[in-house]
Amino acid sequence: MKTYVKYAIAAAVAGVGIFLLYLSAVSWGQLLLEKDKVMLFTEQPLSVEDAEEAVKKSQEEKQADSGRQEMLQFCIWGQEDAVTLTNKNLCRDVQANAILLCGNPEVLFEDCRLPAKNDSQGCLIDEAAAWELFGSVQVVGKEIFYDGKSYVIRNVIAGKDMIFAFQVKNAAGSAQEQSGQSHSLNRITMQKPADKSVSDIYQIWGSYYGIDVSVLDVELLRGIGGFCVLLLPITSCICLLCYLACECRQQKKLILKVVPAALILITVLCLFALFQSHVRIPSGYIPSRWSNFTFWEQLWKQKWEAVRMLVHMPKTYLDSGWIEAFGRTLAFGILAEMALFLWFSLCLLTRFLNNRK
(Lines give C-alpha, C1' and ligand atoms only; values in the text may rest on other atoms or scores of the structure.)
Protein backbone atom coordinates (compact mmCIF):
# COMPACT_ATOMS: atom_id res chain seq x y z
CA MET A 1 0.00 0.00 0.00
CA LYS A 2 1.39 3.38 -0.99
CA THR A 3 2.25 5.95 1.64
CA TYR A 4 -0.28 8.57 0.51
CA VAL A 5 -3.06 5.99 0.66
CA LYS A 6 -2.14 5.19 4.25
CA TYR A 7 -2.16 8.87 5.16
CA ALA A 8 -5.52 9.29 3.43
CA ILE A 9 -6.99 6.43 5.48
CA ALA A 10 -5.53 7.91 8.67
CA ALA A 11 -7.02 11.32 7.79
CA ALA A 12 -10.44 9.73 7.14
CA VAL A 13 -10.32 7.92 10.48
CA ALA A 14 -9.38 11.19 12.22
CA GLY A 15 -12.32 12.93 10.54
CA VAL A 16 -14.70 10.21 11.68
CA GLY A 17 -13.36 10.53 15.22
CA ILE A 18 -13.92 14.28 15.23
CA PHE A 19 -17.46 13.84 13.89
CA LEU A 20 -18.23 11.24 16.58
CA LEU A 21 -16.89 13.64 19.20
CA TYR A 22 -19.24 16.32 17.87
CA LEU A 23 -22.22 13.95 18.11
CA SER A 24 -21.23 13.01 21.66
CA ALA A 25 -20.97 16.68 22.66
CA VAL A 26 -24.38 17.47 21.13
CA SER A 27 -26.01 14.60 23.05
CA TRP A 28 -24.32 15.73 26.25
CA GLY A 29 -25.72 19.21 25.66
CA GLN A 30 -29.21 17.68 25.71
CA LEU A 31 -28.42 16.23 29.14
CA LEU A 32 -27.35 19.67 30.33
CA LEU A 33 -30.77 21.07 29.44
CA GLU A 34 -32.16 19.12 32.41
CA LYS A 35 -29.61 20.41 34.92
CA ASP A 36 -32.07 22.90 36.46
CA LYS A 37 -34.57 20.16 37.23
CA VAL A 38 -34.67 17.66 40.08
CA MET A 39 -36.39 14.33 39.50
CA LEU A 40 -37.70 12.28 42.41
CA PHE A 41 -39.16 8.78 42.50
CA THR A 42 -41.49 7.23 45.06
CA GLU A 43 -41.37 3.44 45.37
CA GLN A 44 -44.77 3.59 47.05
CA PRO A 45 -47.01 5.43 44.55
CA LEU A 46 -48.97 8.40 45.85
CA SER A 47 -52.74 8.54 45.69
CA VAL A 48 -54.45 11.50 44.05
CA GLU A 49 -55.47 12.74 47.49
CA ASP A 50 -51.86 12.69 48.77
CA ALA A 51 -50.61 14.53 45.70
CA GLU A 52 -53.29 17.20 45.96
CA GLU A 53 -52.54 17.58 49.66
CA ALA A 54 -48.87 18.28 48.85
CA VAL A 55 -49.86 20.88 46.23
CA LYS A 56 -52.30 22.50 48.67
CA LYS A 57 -49.65 22.59 51.37
CA SER A 58 -47.18 24.29 49.03
CA GLN A 59 -49.76 26.92 48.13
CA GLU A 60 -50.39 27.62 51.80
CA GLU A 61 -46.64 27.91 52.38
CA LYS A 62 -46.39 30.37 49.49
CA GLN A 63 -48.95 32.63 51.10
CA ALA A 64 -47.23 32.38 54.50
CA ASP A 65 -43.67 32.87 53.23
CA SER A 66 -43.05 34.28 49.76
CA GLY A 67 -39.35 33.44 50.13
CA ARG A 68 -40.18 29.75 49.50
CA GLN A 69 -41.97 30.49 46.26
CA GLU A 70 -39.30 28.78 44.16
CA MET A 71 -40.03 25.49 45.93
CA LEU A 72 -43.55 25.56 44.50
CA GLN A 73 -42.50 24.88 40.92
CA PHE A 74 -43.12 21.13 40.93
CA CYS A 75 -45.38 18.55 39.39
CA ILE A 76 -46.36 15.20 40.85
CA TRP A 77 -47.14 12.84 38.01
CA GLY A 78 -47.46 9.32 36.72
CA GLN A 79 -48.04 7.52 33.44
CA GLU A 80 -50.56 5.04 32.11
CA ASP A 81 -49.68 3.20 28.90
CA ALA A 82 -51.88 2.44 25.91
CA VAL A 83 -54.99 4.38 26.86
CA THR A 84 -57.68 4.94 24.24
CA LEU A 85 -58.51 8.44 23.04
CA THR A 86 -61.60 8.99 20.92
CA ASN A 87 -62.71 11.67 18.49
CA LYS A 88 -66.44 10.97 18.30
CA ASN A 89 -67.07 13.49 15.52
CA LEU A 90 -64.74 11.67 13.11
CA CYS A 91 -65.15 8.20 14.71
CA ARG A 92 -61.41 7.91 15.27
CA ASP A 93 -59.61 6.08 18.08
CA VAL A 94 -55.93 6.12 18.96
CA GLN A 95 -53.70 4.48 21.58
CA ALA A 96 -51.66 6.99 23.58
CA ASN A 97 -49.54 7.35 26.71
CA ALA A 98 -51.47 9.24 29.39
CA ILE A 99 -49.44 11.56 31.64
CA LEU A 100 -51.33 12.17 34.88
CA LEU A 101 -50.49 15.62 36.22
CA CYS A 102 -50.87 17.16 39.65
CA GLY A 103 -49.18 20.53 39.66
CA ASN A 104 -47.38 22.77 37.18
CA PRO A 105 -47.20 21.15 33.70
CA GLU A 106 -44.50 23.61 32.58
CA VAL A 107 -41.98 21.70 34.71
CA LEU A 108 -42.47 18.68 32.44
CA PHE A 109 -43.30 20.33 29.11
CA GLU A 110 -41.25 23.43 28.35
CA ASP A 111 -43.26 26.64 27.81
CA CYS A 112 -46.52 24.77 28.36
CA ARG A 113 -48.60 26.12 31.26
CA LEU A 114 -51.84 24.44 30.24
CA PRO A 115 -53.84 22.69 31.49
CA ALA A 116 -53.61 24.64 34.75
CA LYS A 117 -53.90 22.89 38.09
CA ASN A 118 -57.55 23.88 38.57
CA ASP A 119 -58.55 23.13 34.99
CA SER A 120 -61.16 20.39 35.34
CA GLN A 121 -61.66 19.80 31.62
CA GLY A 122 -58.45 20.71 29.84
CA CYS A 123 -55.76 18.46 28.39
CA LEU A 124 -52.80 18.58 26.03
CA ILE A 125 -51.74 16.19 23.29
CA ASP A 126 -48.72 15.95 21.05
CA GLU A 127 -48.64 16.46 17.28
CA ALA A 128 -48.74 12.72 16.50
CA ALA A 129 -51.94 12.22 18.49
CA ALA A 130 -53.46 15.34 16.92
CA TRP A 131 -52.78 14.05 13.40
CA GLU A 132 -54.23 10.62 14.18
CA LEU A 133 -57.38 12.03 15.78
CA PHE A 134 -58.06 15.12 13.63
CA GLY A 135 -55.70 15.05 10.65
CA SER A 136 -54.31 18.42 11.77
CA VAL A 137 -52.31 20.06 14.56
CA GLN A 138 -54.62 23.09 14.68
CA VAL A 139 -56.90 21.44 17.23
CA VAL A 140 -56.82 23.73 20.29
CA GLY A 141 -60.33 23.98 21.70
CA LYS A 142 -61.54 20.73 20.17
CA GLU A 143 -62.98 17.85 22.18
CA ILE A 144 -61.71 14.30 22.76
CA PHE A 145 -62.92 11.51 25.03
CA TYR A 146 -60.98 9.36 27.47
CA ASP A 147 -62.27 6.96 30.11
CA GLY A 148 -65.86 8.03 29.57
CA LYS A 149 -65.18 11.76 29.98
CA SER A 150 -64.69 14.61 27.53
CA TYR A 151 -61.61 16.84 27.53
CA VAL A 152 -60.94 20.10 25.73
CA ILE A 153 -57.51 20.39 24.10
CA ARG A 154 -55.71 23.39 25.60
CA ASN A 155 -52.36 22.94 23.87
CA VAL A 156 -50.50 20.82 21.31
CA ILE A 157 -46.84 20.03 22.00
CA ALA A 158 -44.19 18.90 19.55
CA GLY A 159 -43.56 15.18 19.45
CA LYS A 160 -44.34 11.86 17.82
CA ASP A 161 -44.86 9.72 20.92
CA MET A 162 -48.66 9.83 21.17
CA ILE A 163 -48.90 11.84 24.40
CA PHE A 164 -52.07 12.81 26.25
CA ALA A 165 -51.72 14.76 29.51
CA PHE A 166 -54.34 16.05 31.93
CA GLN A 167 -54.63 17.18 35.53
CA VAL A 168 -55.29 14.02 37.51
CA LYS A 169 -58.18 15.52 39.49
CA ASN A 170 -60.10 15.41 36.22
CA ALA A 171 -60.46 11.64 36.74
CA ALA A 172 -62.92 12.05 39.62
CA GLY A 173 -66.04 10.07 38.95
CA SER A 174 -64.53 8.33 35.95
CA ALA A 175 -65.37 4.79 34.95
CA GLN A 176 -62.01 3.69 36.23
CA GLU A 177 -62.68 4.92 39.77
CA GLN A 178 -66.19 3.54 39.71
CA SER A 179 -64.74 0.10 38.97
CA GLY A 180 -62.66 0.30 42.14
CA GLN A 181 -59.35 1.29 40.48
CA SER A 182 -57.53 4.52 41.18
CA HIS A 183 -54.75 6.50 39.57
CA SER A 184 -51.35 6.44 41.24
CA LEU A 185 -48.47 8.88 40.90
CA ASN A 186 -44.86 7.87 41.50
CA ARG A 187 -42.78 10.72 40.06
CA ILE A 188 -42.04 14.29 41.14
CA THR A 189 -40.25 16.78 38.91
CA MET A 190 -39.39 20.27 40.07
CA GLN A 191 -37.32 23.28 39.19
CA LYS A 192 -34.14 23.36 41.27
CA PRO A 193 -33.98 26.53 43.40
CA ALA A 194 -30.67 28.33 43.05
CA ASP A 195 -30.12 28.50 46.81
CA LYS A 196 -30.81 24.83 47.58
CA SER A 197 -28.89 21.63 46.93
CA VAL A 198 -30.40 18.32 45.91
CA SER A 199 -29.89 17.00 49.45
CA ASP A 200 -31.83 20.00 50.81
CA ILE A 201 -34.72 19.20 48.48
CA TYR A 202 -34.63 15.55 49.54
CA GLN A 203 -34.91 16.55 53.19
CA ILE A 204 -37.75 19.00 52.50
CA TRP A 205 -39.87 16.35 50.77
CA GLY A 206 -39.20 13.90 53.56
CA SER A 207 -39.75 16.20 56.54
CA TYR A 208 -42.04 18.97 55.34
CA TYR A 209 -44.28 17.09 52.90
CA GLY A 210 -43.93 13.71 54.61
CA ILE A 211 -43.27 11.88 51.34
CA ASP A 212 -40.58 9.19 51.14
CA VAL A 213 -38.70 9.87 47.89
CA SER A 214 -35.54 8.78 46.10
CA VAL A 215 -33.51 11.23 44.03
CA LEU A 216 -32.86 10.19 40.43
CA ASP A 217 -29.17 11.07 40.15
CA VAL A 218 -29.13 12.39 36.59
CA GLU A 219 -26.20 14.58 37.69
CA LEU A 220 -24.12 11.39 37.86
CA LEU A 221 -25.06 10.58 34.27
CA ARG A 222 -24.12 14.10 33.20
CA GLY A 223 -20.73 13.63 34.86
CA ILE A 224 -20.12 10.30 33.12
CA GLY A 225 -21.26 11.79 29.83
CA GLY A 226 -18.99 14.79 30.27
CA PHE A 227 -16.06 12.45 30.92
CA CYS A 228 -16.81 10.61 27.66
CA VAL A 229 -16.89 13.91 25.76
CA LEU A 230 -13.55 15.02 27.24
CA LEU A 231 -11.94 11.60 26.81
CA LEU A 232 -10.87 12.17 23.19
CA PRO A 233 -9.40 15.69 23.70
CA ILE A 234 -7.53 14.59 26.83
CA THR A 235 -6.17 11.43 25.22
CA SER A 236 -5.16 13.40 22.12
CA CYS A 237 -3.27 15.90 24.26
CA ILE A 238 -1.49 13.11 26.15
CA CYS A 239 -0.49 11.37 22.89
CA LEU A 240 0.73 14.67 21.47
CA LEU A 241 2.77 15.35 24.61
CA CYS A 242 4.40 11.91 24.40
CA TYR A 243 5.23 12.47 20.73
CA LEU A 244 6.67 15.95 21.33
CA ALA A 245 8.70 14.69 24.29
CA CYS A 246 10.25 11.98 22.10
CA GLU A 247 11.01 14.50 19.36
CA CYS A 248 12.58 16.87 21.84
CA ARG A 249 14.75 14.11 23.28
CA GLN A 250 15.94 12.95 19.85
CA GLN A 251 17.20 16.40 18.86
CA LYS A 252 20.93 16.80 19.40
CA LYS A 253 21.18 20.55 19.20
CA LEU A 254 19.67 22.77 21.85
CA ILE A 255 18.15 25.18 19.35
CA LEU A 256 16.25 22.35 17.68
CA LYS A 257 14.66 21.45 21.01
CA VAL A 258 13.00 24.86 21.27
CA VAL A 259 10.11 24.17 18.88
CA PRO A 260 8.91 20.85 20.44
CA ALA A 261 9.45 22.30 23.92
CA ALA A 262 7.28 25.32 23.04
CA LEU A 263 4.60 23.03 21.62
CA ILE A 264 4.70 20.97 24.82
CA LEU A 265 4.10 24.12 26.86
CA ILE A 266 1.23 25.19 24.61
CA THR A 267 -0.36 21.73 24.83
CA VAL A 268 -0.10 21.72 28.64
CA LEU A 269 -1.70 25.16 28.80
CA CYS A 270 -4.53 24.02 26.50
CA LEU A 271 -5.07 20.93 28.66
CA PHE A 272 -5.15 23.08 31.79
CA ALA A 273 -7.65 25.49 30.18
CA LEU A 274 -9.81 22.53 29.15
CA PHE A 275 -9.96 21.24 32.71
CA GLN A 276 -10.56 24.67 34.18
CA SER A 277 -13.44 25.54 31.86
CA HIS A 278 -15.22 22.19 31.61
CA VAL A 279 -14.47 20.15 34.72
CA ARG A 280 -16.60 20.89 37.79
CA ILE A 281 -16.47 18.67 40.88
CA PRO A 282 -19.74 18.81 42.85
CA SER A 283 -19.39 19.61 46.55
CA GLY A 284 -20.89 16.24 47.44
CA TYR A 285 -17.84 14.50 45.95
CA ILE A 286 -15.38 16.33 48.21
CA PRO A 287 -14.92 15.01 51.78
CA SER A 288 -15.09 17.51 54.61
CA ARG A 289 -12.16 15.78 56.32
CA TRP A 290 -9.40 14.22 54.26
CA SER A 291 -8.56 11.79 57.07
CA ASN A 292 -12.04 10.29 56.93
CA PHE A 293 -11.48 7.47 54.42
CA THR A 294 -14.97 6.05 55.02
CA PHE A 295 -16.27 8.96 52.95
CA TRP A 296 -15.22 7.26 49.71
CA GLU A 297 -16.81 3.96 50.70
CA GLN A 298 -20.08 5.70 51.55
CA LEU A 299 -19.95 7.73 48.34
CA TRP A 300 -19.41 4.57 46.30
CA LYS A 301 -22.39 2.85 47.95
CA GLN A 302 -24.55 5.93 47.44
CA LYS A 303 -23.72 6.21 43.74
CA TRP A 304 -24.13 2.47 43.22
CA GLU A 305 -27.62 2.69 44.73
CA ALA A 306 -28.33 5.68 42.49
CA VAL A 307 -27.33 3.70 39.40
CA ARG A 308 -29.40 0.72 40.56
CA MET A 309 -32.40 3.01 40.99
CA LEU A 310 -31.97 4.50 37.51
CA VAL A 311 -31.72 1.05 35.94
CA HIS A 312 -34.54 -0.74 37.75
CA MET A 313 -37.18 1.95 38.21
CA PRO A 314 -40.21 1.88 35.87
CA LYS A 315 -39.48 4.07 32.87
CA THR A 316 -41.91 6.54 31.31
CA TYR A 317 -42.10 8.44 28.05
CA LEU A 318 -40.66 11.54 29.72
CA ASP A 319 -37.57 9.54 30.75
CA SER A 320 -36.75 8.61 27.17
CA GLY A 321 -35.15 12.01 26.52
CA TRP A 322 -32.36 11.84 29.09
CA ILE A 323 -31.93 8.07 28.67
CA GLU A 324 -31.36 8.37 24.92
CA ALA A 325 -29.14 11.44 25.35
CA PHE A 326 -26.95 9.60 27.86
CA GLY A 327 -26.76 6.51 25.66
CA ARG A 328 -25.71 8.52 22.62
CA THR A 329 -23.16 10.50 24.63
CA LEU A 330 -21.61 7.30 25.96
CA ALA A 331 -21.65 5.43 22.64
CA PHE A 332 -20.33 8.27 20.46
CA GLY A 333 -17.66 9.17 23.04
CA ILE A 334 -16.34 5.60 23.20
CA LEU A 335 -16.44 5.21 19.41
CA ALA A 336 -14.54 8.49 19.04
CA GLU A 337 -11.87 7.17 21.41
CA MET A 338 -11.64 3.93 19.42
CA ALA A 339 -11.22 5.99 16.25
CA LEU A 340 -8.33 7.85 17.91
CA PHE A 341 -6.54 4.62 18.79
CA LEU A 342 -7.10 3.32 15.26
CA TRP A 343 -5.69 6.55 13.82
CA PHE A 344 -2.71 6.40 16.17
CA SER A 345 -2.06 2.76 15.21
CA LEU A 346 -2.19 3.62 11.51
CA CYS A 347 0.27 6.46 12.01
CA LEU A 348 2.67 4.21 13.92
CA LEU A 349 2.36 1.50 11.28
CA THR A 350 3.03 3.97 8.48
CA ARG A 351 6.07 5.36 10.28
CA PHE A 352 7.38 1.86 11.00
CA LEU A 353 7.05 0.81 7.34
CA ASN A 354 8.74 4.00 6.15
CA ASN A 355 11.70 3.43 8.47
CA ARG A 356 12.18 -0.07 7.10
CA LYS A 357 12.61 1.20 3.56
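Which residues are exposed on the other side of H5? They're Gln-203 and Ser-207. Keep in mind that this is a predicted model. Below is a quick tour of that helix, then a helix pair, then one serine.

**Helix H5**
- H5 covers residues 198–207, and its buried residues are Ile-201, Ile-204 and Trp-205.
- Look down the axis of H5 and those buried residues fall within an arc of 95°, so they line one face of the helix.
- Here's the handy background: an α-helix has 3.6 residues a turn, so residues three or four places apart point the same way.
- Gln-203 and Ser-207, on the other side of H5, are exposed.

**Helices H6 and H7**
- H6 (residues 218–250) packs with H7 (residues 258–278) at an angle of about 160°, and their axes are 9 Å apart.
- That angle makes H6 roughly antiparallel to H7.
- The way H6 passes H7 is a left-handed crossing.
- On the H6 side, the residues that meet H7 include Leu-230, Ile-234, Cys-237 and Leu-241.
- On the H7 side, the residues that meet H6 include Leu-263, Thr-267, Leu-271 and His-278.
- Sorted by kind, the residues of the contact of H6 with H7 come out as 16 nonpolar, two polar and no charged.

**Ser-24**
- You'll find Ser-24 in helix H1, which spans residues 3–32.
- Is Ser-24 buried or exposed? Ser-24 has a relative accessible area of 0%, so it counts as buried.
- Setting aside neighbours within four places in sequence, Ser-24 is in contact with Val-229, Thr-329, Phe-332 and Gly-333.

Technical notes. Residues numbered from 1 in each chain as written. Predicted model: local features only at pLDDT ≥ 70, side-chain atom pairs only at ≥ 80, totals over all residues. Heavy atoms only, no water. Axes fitted to C-alpha atoms, helices over the stretch in contact; angles between N-to-C directions. Helix = DSSP H or I, 4+ residues; strand = E, 2+ residues; numbered from the N terminus. Parallel < 35°, antiparallel > 145°, perpendicular 65-115°, else oblique. Left-handed = near helix turned anticlockwise from the far one by under 90°. Contact = heavy atoms within 4.5 Å. Nonpolar A, V, L, I, M, F, W, Y, C, P; charged D, E, K, R; others polar. Buried < 20%, exposed > 50% of the residue type's maximum accessible area, 1.4 Å probe, protein only. Arc of directions from axis to C-beta.
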